[in-house]
Every structure is written in structure tokens, then in C-alpha cells.
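Dear colleague,

Please find below the structure that I am handing over to you. My findings follow it, arranged by region.

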Amino acid sequence: MIQSAPAGGHVVIASDKFKGSLTAVEVSDHISAGLRAVIPTLPVRTIPIADGGEGTLRAALSAGFLRVDVTADGPTGEPVQAAVAVKDRTAVVELAQASGLHLLPDGRPDALNASSYGAGQLIRAALDGGCSRIVLGLGGSACTDGGAGLVQALGGALLDSSGTELPRGGAALARLHTIDLTSLDPRLRQAEVIMAGDVDNPLLGPLGAAAVYGPQKGATAEDVEVLDAALAHWARATAAVVGDEHDRRPGAGAAGGVGFAAMAFLGVQPSAGIEILMDLLGFRQELAGARLVITGEGSLDAQSLHGKAPVGVAGAAGTQGVPVVAVAGRTELSVEQLRSAGIRAAYSLTDIESDSARCVRDAGALLEQRAAAIAADWLLDPPSAAGPHPGDHADHLERFPSDA
């Protein structure tokens, strides 16, 4: 039943992408459509969000950043068309734009040789554009090179024992003899580089970049051993030049070790990607006068509790006293886990469609149905006579008044 908008303020939609189905922008559009199918005049504000991984560039563009196209080297050296997002003197650089898994030619992984060189080119393009603050979004990388390619693209020389520049890729680091930073881009000394990611792995060992993420990039068990040993050599050589043991720091293993290079050579401090992006996108400003926040991602699961977008959004909204519900392709968190994360209810596509393939294919239409259920359960005044929908977890969670 269509209702008029109740009093009590606007709704903020701040969802990440549904990976493999919908971008964050598309998710926001479908949630808006579902809400307004029930309450046509409902005031809605959308802030497509990301946590530093794939989709970060698109989220920045949706918030008014300007797209600047850049031709860069892809993960295996082929030229690719990438972009950075610029506003004032701030640039958002998404590593996956140049060094992402999706850019591998014909989808063929090259775990030993894939490089982060293109990501360094994007940083250089941002510096060329006069940017003095660079947000480097990590995630979705095809490489496990410890960020060596990024350093090379920014002017650092990595030489073997004969003084020859190393080829790109993680495996080649085993032959590293000399790190020469003489030609490292001097503009980096004046620039503030911020690392936005959701990974807290160290560089090396069983929880490191090669062991945990290498297999996702096509690394065999033997490749993992080769890469981890090469990264260990890279870390020792780096420590001899810049000091400190950056390889042990949380986040050093992000994006195949790009986090390590960013901390060691660019002086970056690791930050929660979602926190950085919420600030850039103006999320907190939209909370003033809001009655409800709707967040989400493709899968609400244990990983969501470690710096993913929905939990970050819920935490920020909670400090302002704004209730939060979530939408997802599937939800694997218990009611208690949702509650502790600040999420009052979760609405999943799998609650109304058990076929996961259909959930992916028809995600938009199903998401609109879930959003309509949210409107009925949480926004109508009085609430829907039908009450919370089965599987939404809302039957276990506290309602809030319409003027919250």
C-alpha cells in the first residue's frame, strides 16, 4: 500500500557495492526506488560508499569529484585506461584501476610477475595535477610485489647485483641487491598520502600477503613460497635503507604488499578505508536530521566486522543516534553480531529468493522488494500491520519511534 511520507526527517542510503551484481550507485538507486514505491514523497539522500577497494573511484565521483583519465600500465604491463578522482587538491587513487585482477589479459593470472607499477603511475598523475593530498584505496589487486612496482613508477630504482633494473613482479625481488631512491619523486615529501583499506594483515608469514591472498591471484603453493621468500628479502633490503620493520605492521600485506611500500617509502599511516571515505564523501553531514540509515554490501559476514563499509557506516550513525538497518545479498551474522555492530536489522535477498544465481541476476528487482519491506517495517506511521518480515532479523530487534 502506498503511503505519504511520515514526519521525522530523511533517509540516508550509504551502501557499498554488491560485488558481481550491482555497483554502489546502482544499489542506492534500487533501494530508493523500493522505498518510494511505498512512500512516494519520502526524502532520501544517497551516498554510494566504499571502503578503499574496488568502487572507491566511483564513490568519489558520485560525491562531486572530477574524473581525470590516465593511461597506465596494467598488472602485466599492457596499457590500460584508468582514472583518478580529483576535488580541490585532493585525489582519490584506486589501485585496482591500474593494477586490478579484472585487468589481467583474458583473465589469466600471473601471480609471480604481476606488478603495482600502474598504481604508482596514478599517484604520479595526481601529483602532476597539483594534488597535495592523495587517498590511496587498496583492494582488488592482481599483484603480490610488495609495492615494488609502485616504488619503481615513482622513480625508485631496484637493481640486481649487476646494477640492472629488476623486472617487475614479486618473484624478481629475490634478486634485489640495491634500492636507490635518488630519483624518487621529490613532490612526495610535500604530499600527504593516506592509505585507505580494510586489511590488517602483515606482509609476511602465514597471515601475510602471499599466503592469504596469493591463491586468489592464481598462486600455487609453490608460488606462495617463492613470493613470501622474495617479499622477506624485499623487507630486509627496505629496512636497511629506510629503517623500521614495516613488514610487521597491520596493513602491510594489503594489496599484495602495496601497503608495506606505502608505509615504508611514502610515510603513510594505515587508516580504516571506510572512515576516510565517509569523511571524503560527506556522510556525517547527511546524518543531521536523518531518521534512518540504510547500509549494505553483497555479503554480511564475519569479514564485515573487520572494517567493511556497513559496520563503519553503522558506527558513525550510532554516534549521532541515527538507527541503521542493512541490506545484503546474504547475511551470515547472528542477531547478536548485528546488534553489536550497531545494525538493528538485516534484510537479505536470499530471504526471498533461495536460488543464489537468481539473486545475482535479479539483484536490482529483489533489492527493491527488500527496500519496500524496510519502508513498511521501519518508516510507516503507524508501522505495517504485517510486522517484520520473516528472515529479516527485525522480529528480534527493537523498533524505534517514527520521530527518532
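**The nonpolar cores**

The largest nonpolar core contains 60 residues, and Ile 123 and Trp 234 have the most contacts inside it. A nonpolar core is here a set of buried Ala, Val, Leu, Ile, Met, Phe, Trp, Tyr and Cys residues joined through side-chain atoms within 4.5 Å, where buried means under 20% relative accessible area, exposed over 50% and partly exposed in between (1.4 Å probe, protein chains only). Helix α8 supplies the largest share of this core, eight residues. Helices (H or I, at least four residues) and strands (E, at least two) are DSSP runs, numbered from the N terminus.

Please note that this is a predicted model, in which local features need pLDDT of at least 70 and side-chain atom pairs count only at pLDDT 80 or more, while totals for chains, interfaces and linings use all residues. Residues are numbered from 1 along each chain as its sequence is written, and side-chain values use heavy atoms, with hydrogens and water left out.

Leaving aside neighbours within four places in sequence, Ile 123 is in contact (heavy atoms within 4.5 Å) with Val 93, Ile 134, Leu 136, Leu 150, Leu 154, Leu 188 and Leu 266.

Just after α8, Gly 267 takes a positive phi of about 70 degrees.

Rings of Phe, Tyr and Trp (its six-membered ring) pair if their centres lie within 6.5 Å; planes under 30 degrees apart count as stacked, over 60 as edge-to-face and the rest as tilted. By this rule the count comes to two aromatic pairs. Trp 234 and Phe 260 form an edge-to-face pair, with 6.2 Å from centre to centre and 70 degrees between the planes. This pair links distant parts of the chain, since Trp 234 belongs to helix α7 (residues 221-242) and Phe 260 to helix α8 (residues 258-266), 26 residues apart. The ring centres of Trp 234 and Phe 265 are 5.5 Å apart and their planes are at 20 degrees, so this pair is stacked. With Trp 234 in α7 and Phe 265 in α8, the pair ties together parts that are 31 residues apart in sequence. Trp 234, Phe 260 and Phe 265 form one aromatic cluster.

**The parallel sheet**

An open sheet of five strands has the order β2-β1-β11-β12-β13, with parallel pairing; two strands pair if DSSP finds at least two bridges between them. Its edge strands are β2 (44-46) and β13 (345-348), each of which pairs on one side only. On average, neighbouring strands of this sheet are turned by 25 degrees against each other, direction ignored. Axes are lines fitted to C-alpha atoms, for helices over the stretch in contact, and angles run from 0 to 180 degrees between N-to-C directions.

Strand β1 (residues 10-15) pairs with β2 over three bridges, and Val 11 stands opposite Val 44 in β2. β1 also pairs with β11 over six bridges, where Ser 15 stands opposite Gly 296. β11 and β12 are joined by seven bridges, and the bridge partner of Ile 294 in β12 is Val 325. Ten of the eleven residues of β11 are buried, so this strand is largely enclosed by the rest of the structure.

Helix α11 (residues 309-319) lies across β1, β11 (290-300) and β12 (324-331), running at about 160 degrees to β11. Helix α14 (residues 363-379) packs on the sheet as well, touching β1, β11, β12 and β13, and its direction makes about 150 degrees with that of β13.

**Individual residues**

Asp 185 is found in the loop between β8 (178-180) and β9 (192-197). This residue is buried, with a relative accessible area of 6%. Leaving aside neighbours within four places in sequence, Asp 185 is in contact with Arg 124, Leu 127 and Leu 154.

Arg 361, in helix α13 (residues 356-361), is exposed, with a relative accessible area of 57%.

Arg 168 lies over the face of Tyr 117, at 3.6 Å from the ring centre. A charge sits over a ring if NZ of Lys or CZ of Arg is within 6 Å of the ring centre and within 35 degrees of the ring normal.

Yours sincerely
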